[in-house]
Amino acid sequence: MPIQPPIDHNKLDRIVAEARRNAEQRELGYRERALKMYPWICGRCAREFTRVNLSELTVHHRNHDHDFNPADGSNWELLCVYCHDNEHSRHIDHVRGAGYSVQEEVAPATGNPFADLKAMMERGGKK
């Protein structure tokens with residue numbers, strides 16, 4: 001059986017203290033504030049979340065500005081990862097679509113791949 005080195009209690013105390021500081025910092029973040037402010041339910045599909053699957057619940061910024069985080073949470077919405085992804089995809093499509101200009105009218109295709117189908121079938125597919 002391998003010999004284990006002695007436990008450095010000072011190092012463990014530092015690690016625990018750092019973890020607590022990090023947790024307090026996260027508490028100040030908009031995600032933790034939003035999770036305290038709103039029920040743990042997706043704002044789109046109404047899926048409910050518990051501590052077990054809470055990592056699948058995201059904070060969506062309604063105006064898509066992640067730097068705009070008012071204390072009242074008015075720019076936040078809790079969405080499951082699937083609805084959040086859908087919302088961002090829709091937003092990207094909208095932004096891209098806004099940049100499109102109306103194209104000139106293009107002449108329709110005139111080729112007909114089945115033009116000689118009847119004759120080909122009569123010949124048994126041979127040319």
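In the predicted model described here, L35 is in contact (heavy atoms within 4.5 Å) with W40, L54, L57 and L78, its neighbours within four places in sequence being left aside. L35 also belongs to the largest nonpolar core, which has 12 residues in all, the others being A34, C42, F49, L54, L57, V59, W76, L78, L79, C80 and C83. Two or more residues of this core come from each of the elements α2 (30–37), β1 (57–61) and β2 (76–80), and β2 gives the most, with four residues. Such a core is a set of buried Ala, Val, Leu, Ile, Met, Phe, Trp, Tyr and Cys residues joined through side-chain atoms within 4.5 Å, where buried means under 20% relative accessible area, exposed over 50% and partly exposed in between (1.4 Å probe, protein chains only).

The protein chain has four helices and two strands, in the order α-α-β-β-α-α from the N terminus; these are DSSP runs, with helices (H or I) of at least four residues and strands (E) of at least two, numbered from the N terminus. Of the 127 residues in the chain, 18% are buried. Among contacts with a separation of 6 or more, 48% are between residues 24 or more positions apart.

I15, placed in helix α1 (residues 9–28), counts as partly exposed because its relative accessibility is 46%.

Residues are numbered from 1 along each chain as its sequence is written. As this is a predicted model, local features need pLDDT of at least 70 and side-chain atom pairs count only at pLDDT 80 or more, while totals for chains, interfaces and linings use all residues, and side-chain values use heavy atoms, with hydrogens and water left out.
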